[in-house]
Amino acid sequence: MLDQLTGNERVKSLLRRMLEKRRVPGAMLFTGEDGIGKKLFALEIAKALNCRSPQGVEGCGQCPACKRIAKFNFPQSAESEDWKSIIWTDHADVGMVVAPKRVLLVDQMRQIEREANYRPYEGKARVFLIDDADKLNDSSANALLKVLEEPPHTSHIVLLTSRPSMLLPTIHSRCQMIRFSPLSPAEIENHLLQNKLAGGGEARIRARVARGSLGRAIESEFEGYLEMRTAMLRVLQALAVSDDRIQLLRSAEESNDARHKDEYESRLDILESLIRDAWMLALQAPDEGVVNEDLLPQLRKISERLDGQRPAGWISQIEELREQLIVNINRKSATDALFLTMAAAAPPLQRKRFVPK
Ligand SMILES: [Zn+2]
């Protein structure tokens with residue numbers, strides 16, 4: 001039932017209206033941050049269309065059909081070739097494709113086209129999810145166009161992405177776009193507490209730093225996150241307060257040791273959120289908007305050393321680096337350069353002499 005999903009009430013009513021009018025589009029594009037429930041919403045459509053004892057227009061969640069739709073049969077190992085085909089649920093009419101590596105494959109799209117042209121085996125509708133649809137390249141996108149154009153009326157294809165701008169206009173124009181909003185910190189905090197996923201204080205921090213993504217709030221490894229945040233706070237202190245370049249270089253080094261790209265990106269996200277907090281405090285904004293509220297004393301100290309322009313410059317430099325990371329430049333030289341240009345962006349109030357080790 002849609003009611004059991006957290007947030008995005010507007011999308012819920014939109015989907016209910018589509019179901020009531022029996023006008024669920026054959027091609028839909030769900031956009032919005034990772035981890036806000038796009039996949040779960042898409043599965044609710046699959047349940048609603050195939051449920052054996054529907055509640056109004058929605059799936060009951062309890063009947064064998066609904067239960068089977070909820071269970072994906074993911075391949076057992078990361079190397080399995082099965083990642084290259086449709087990953088079916090226990091229900092013969094509902095499946096999903098994911099990018100086996102960096103791109104979604106032409107063969108995967110052809111398989112979707114073929115399967116979409118069959119009539120449903122056991123239910124009333126076939127539903128196919130394409131996860132991370134921004135990983136379609138030109139060839140795989142083109143392979144998908146025909147079936148998106150006119151899917152059989154018993155088949156529905158749902159593309160999911162957090163980066164809609166990466167998709168070709170020809171894909172956009174064939175899909176009905178449904179935008180998901182980030183969840184509010186309160187919605188996330190409630191979900192964590194109700195499902196006993198975190199205790200009070202931790203739930204509050206997790207909810208505030210998750211930037212609207214329930215998935216992020218749940219999955220983020222909390223201890224690891226706090227460590228990264230401490231490291232990034234040191235970067236900001238070195239930038240704003242002490243002009244300590246040795247510390248900066250050391251932090252750049254640590255960031256380069258990040259085990260994988262996600263962790264590296266998390267560090268940038270965290271640094272950005274700390275800068276934004278200190279910036280808001282420097283502009284005398286009310287404390288409630290501060291994301292890292294448990295660090296208020298440290299942030300306030302940093303904010304005393306900031307004018308309006310330095311943080312703005314830092315944030316645009318971080319954003320530039322993020323764009324460069326998408327085209328995969330050398331991470332190490334990029335970080336060194338980032339931290340040092342950030343330090344040089346404008347002279348801090350007092351500047352110690354740089355003494356090499
Ligand atoms: Zn059901």
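What covers the buried residues of helix 4?

Modeller: This is a predicted model, in which local features need pLDDT of at least 70 and side-chain atom pairs count only at pLDDT 80 or more, while totals for chains, interfaces and linings use all residues. Residues are numbered from 1 along each chain as its sequence is written, and side-chain values use heavy atoms, with hydrogens and water left out.

The cover of the buried residues of helix 4 includes strand 2 (87–88), strand 3 (94–97), strand 4 (126–130), helix 5 (138–149) and strand 5 (155–161). Contact here means heavy atoms within 4.5 Å. Helices (H or I, at least four residues) and strands (E, at least two) are DSSP runs numbered from the N terminus. Helix 4 spans residues 106–116, and its buried residues are Q108, M109, Q111, I112, E113, E115 and A116. Buried means under 20% relative accessible area, exposed over 50%, and partly exposed in between (1.4 Å probe, protein chains only).

The SG atoms of C51, C60, C63 and C66 coordinate the zinc ion at 2.2 to 2.3 Å; donors are N, O and S atoms within 2.8 Å of the metal (3.2 Å for Na, K and Ca). The angles between the four donor atoms are 103 to 118 degrees, so the arrangement is tetrahedral, a term that requires all angles of four donors to lie between 85 and 135 degrees. Because C51 lies in the loop between helix 2 (38–50) and helix 3 (64–69) and C66 lies in helix 3, the pair ties together parts 15 residues apart in sequence.

The loop between helix 2 and helix 3 also holds E58, which forms a salt bridge with R16, their closest N and O atoms being 2.6 Å apart. A salt bridge is a side-chain nitrogen of Lys or Arg within 4 Å of a carboxyl oxygen of Asp or Glu. E58 counts as buried because its relative accessibility is 7%.

Helix 1 (residues 9–20) also contains E9 and K12, which are three residues apart and therefore separated by about one helical turn. Their side chains meet in a salt bridge (3.1 Å, N to O). E9 is partly exposed at 47% relative accessibility, whereas K12 is buried at 1%. In total, the structure holds 28 salt bridges.

Notes:
Tetrahedral: all angles 85-135°; square planar, octahedral: opposite > 155°, others 65-115°.
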